[in-house]
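Reader: I would like to learn how to read the features of a two-part model. Please take them one at a time.

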Amino acid sequence: MDLATLAELLSATLRISTPLLFAAMGGLISERAGTFAVGIEGMMLAGAFGGALAALLTGSSAAGLVASLFAGMALALVVALATTRFRADQMVTGLAVNILALGLTSFLLRGLFGGRTPVIRLPTLPAWPVPLLGDIPLLGPVLFRQPPLVYLGFLLVVPVALYLAKTKSGLMLRAVGENPEAAFAVGTDPQRVRTLAILAGGAFAGLGGAVLSLQEVGTFTDGMTNGRGFIALAAIIVGRWNPFGAMAGCLLFGAVAALESRIQGWGLPVSSYVVQMVPYLVALGLLAGIGRSSKMPGAIGAPFLRH
Amino acid sequence: MLDPGPLVPRPAPAAPTPRADRLRGLLAGGGAQTFGLTLGAIVLALVITAGLILLAGKNPVTAYGALLRGAFGSLDRLAFALNKSTPYIITGVGVALCFRAKVINIGGEGQIALGGIAASFVVLMAPASLPAPLLLSLAMLAGAAAGALWALLAAFVFIKRNVHEVLCTLLLNFVGVLLVSEVLHAPLGEEGAGFPQSPLFPRAGWLPGLIAGTDLHIGILFAVAAAVLGHVLLWRTTFGFRLRILGASRPAAAYVGLSAARSTALVMAIAGALAGLAGGIEVSGVHNRLIEGFSHGFGFNAVAVALIAGLNPLAVLPAGLFLGFLEAGTLAMQREVGVPSSLVYVIEGLMMVFVLCAVGMGAHNRKV
């Protein structure tokens, strides 16, 4: 493999990891506060749709990004209300909003544009090469000639990690995820913290969807997230609920996906279906390998009841 | 142990007499309150959806009229809807049993896919001299076995490595659906077909029809049997009792010397076998061939059905019929009124959220 091919492969890995990374950071915040983030697949899809729609209507990608954020949050609000107020089962609520998002986006797409399979066409966000740094051999093309959301996604990991590890509010969020009764005893409202964490998670996941519709593909199609939210979920677990670990997980899945689309071009005798299975099998293998030592937040999945 | 939340609203009795057990069996899921709440959730979902139909510039009354006609309007439509309900019911019974033990198996989709593959292999590879009843029995058994193995794979990772079962089953769904494409790509694919599919099954591999002149096949009988047997298993057998204890409290189950691992593996195998059977029924009853993506979405629908049924196997029957008729109806709604059929996902999603809220609130009220 020559240097240019390698650079291209690594660059693609970063790009493909980016939507996963946004979703994983969102899911991580929600899960550290004690709510399973199964709904991020749907929140991503909502974000992809909201972003595409707003960008089409206003002609501005920035407006698209803001809209994707709110679209993700809108679906997150459903999850937050159902799980914190009504104590609905978190896991299955997540699955339900995924179905809801699939139906609503598909319905609205047809309802708004008419016809059976309307097509939205958007310009994709172009690369923003960083001056000077972009000219470094190998590193330049890989790290510094990427479209804007790639930078944003990878930069986001640092504040998320700092927030969780170093701030008082981050500490409280983790306390709610580990032991909501204790957090309640010291004057924190676990339901409020969880609601805010789920909403933040929805905003991030929505942006992750916008990466797909506004930066990668330039359109919205039914179910275009295609399981990426679930892969992000696996990345969180593989990364043991640590932001940098989750980032590593996303990069790993991104690398596998980047390889997948290139293996055919290299003439390897493997069918594309088998290659497509690899990320899921890798995720399962990693999870099985990590096994019992996983550091899942203590109170995740359990609704908080005020006595 | 992870506690995925209040999925089972009623705790299992500590020392059940057969009679108390039977009574409880009738009450759970069939109870007036649960029934009312579920009905309320369905109505609420339909009302909100009516708003969306209005938004799309169509008349909800006309649309829902088309929906009803599409589901019940003729013998053909009825047959179509019943066939559609069949895999949901069969898979839903298995999901309900798993959820009762708080084993969140959402792998129905992959298990159905594997069942379809195995049944197709048997039908397409078996010698032509095999009599139809034997061929079909073998195919259905192969489907059930493949589904059970696929579920056990997830159960193994869950039990041995303590990886959350939702992720194991979910990840295997993606692999299972891709496996269908893969076998159609190489060993089973029909050459020259525009779509990834297997050759048409020989006649002996078609599930017999139930009513002459319609597409209705005998799968719905399997569905009824699955619901009844699931009910008996859950409420009348020691194993069912174990499942309910496990669901109520894993520490308590461990305290009384109940092996969580063995019960979990067994209930996953049963659910997988049912899903695999549903896959076999779908390929040989509806399509008469293996088709790419034939199981897509079934897994989540089965979860929805099990939930709407309040995790009661007998109630899975009406819940599955409801969803099957709803889907048949919305397809007609799309044809006749031009309302997108994706509304069915909206209705399903809303209904699930409302039912979950109702169940969650109910569990809380009982605690106080």
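Reader: How many salt bridges are counted between chain A and chain B?

Author: The model is predicted. Between chain A and chain B the count is zero salt bridges.

Reader: What area is buried between chain A and chain B?

Author: The size of an interface is often given as the accessible area lost when the parts come together. Here about 4,400 Å² is buried between chain A and chain B, and carbon and sulfur atoms give 80% of that area. In chain A, the residues that lose the most area to chain B are A:Ile99, A:Phe107 and A:Tyr273, which together make up 16% of what that side buries. Chain A brings 47 residues to the contact and chain B brings 54.

Reader: Are α1(A) and α9(A) roughly parallel or antiparallel to each other?

Author: The axes of α1 (residues 3-32) and α9 (residues 190-217) of chain A cross at roughly 170° and come within 6 Å. Angles over 145 degrees count as roughly antiparallel, and α1(A) and α9(A) are therefore roughly antiparallel. Residues in their contact include A:Phe22 and A:Ile29 of α1(A), and A:Phe204 and A:Leu212 of α9(A). By class, this contact has 13 nonpolar, five polar and two charged residues.

Reader: Which residues of chain B does UniProt list for "transmembrane region"?

Author: The unreviewed UniProt entry lists residues 34-57, 111-130, 136-159, 166-186, 206-234, 255-278, 298-323 and 343-363 of chain B. In the model, residues 206-234 of chain B are 55% helix and 0% strand, with end C-alpha atoms 32 Å apart. Residues 255-278 of chain B are 83% helix and 0% strand, with end C-alpha atoms 36 Å apart.

Conventions. Residues numbered from 1 in each chain as written. Chains lettered and ligands numbered in written order. Predicted model: local features only at pLDDT ≥ 70, side-chain atom pairs only at ≥ 80, totals over all residues. Heavy atoms only, no water. UniProt positions renumbered as here; feature names shortened; annotations may be inferred. Helix = DSSP H or I, 4+ residues; strand = E, 2+ residues; numbered from the N terminus. Axes fitted to C-alpha atoms, helices over the stretch in contact; angles between N-to-C directions. Parallel < 35°, antiparallel > 145°, perpendicular 65-115°, else oblique. Contact = heavy atoms within 4.5 Å. Nonpolar A, V, L, I, M, F, W, Y, C, P; charged D, E, K, R; others polar. Buried area = accessible area lost by both parts, 1.4 Å probe. Salt bridge = Lys/Arg side-chain N within 4 Å of Asp/Glu carboxyl O.
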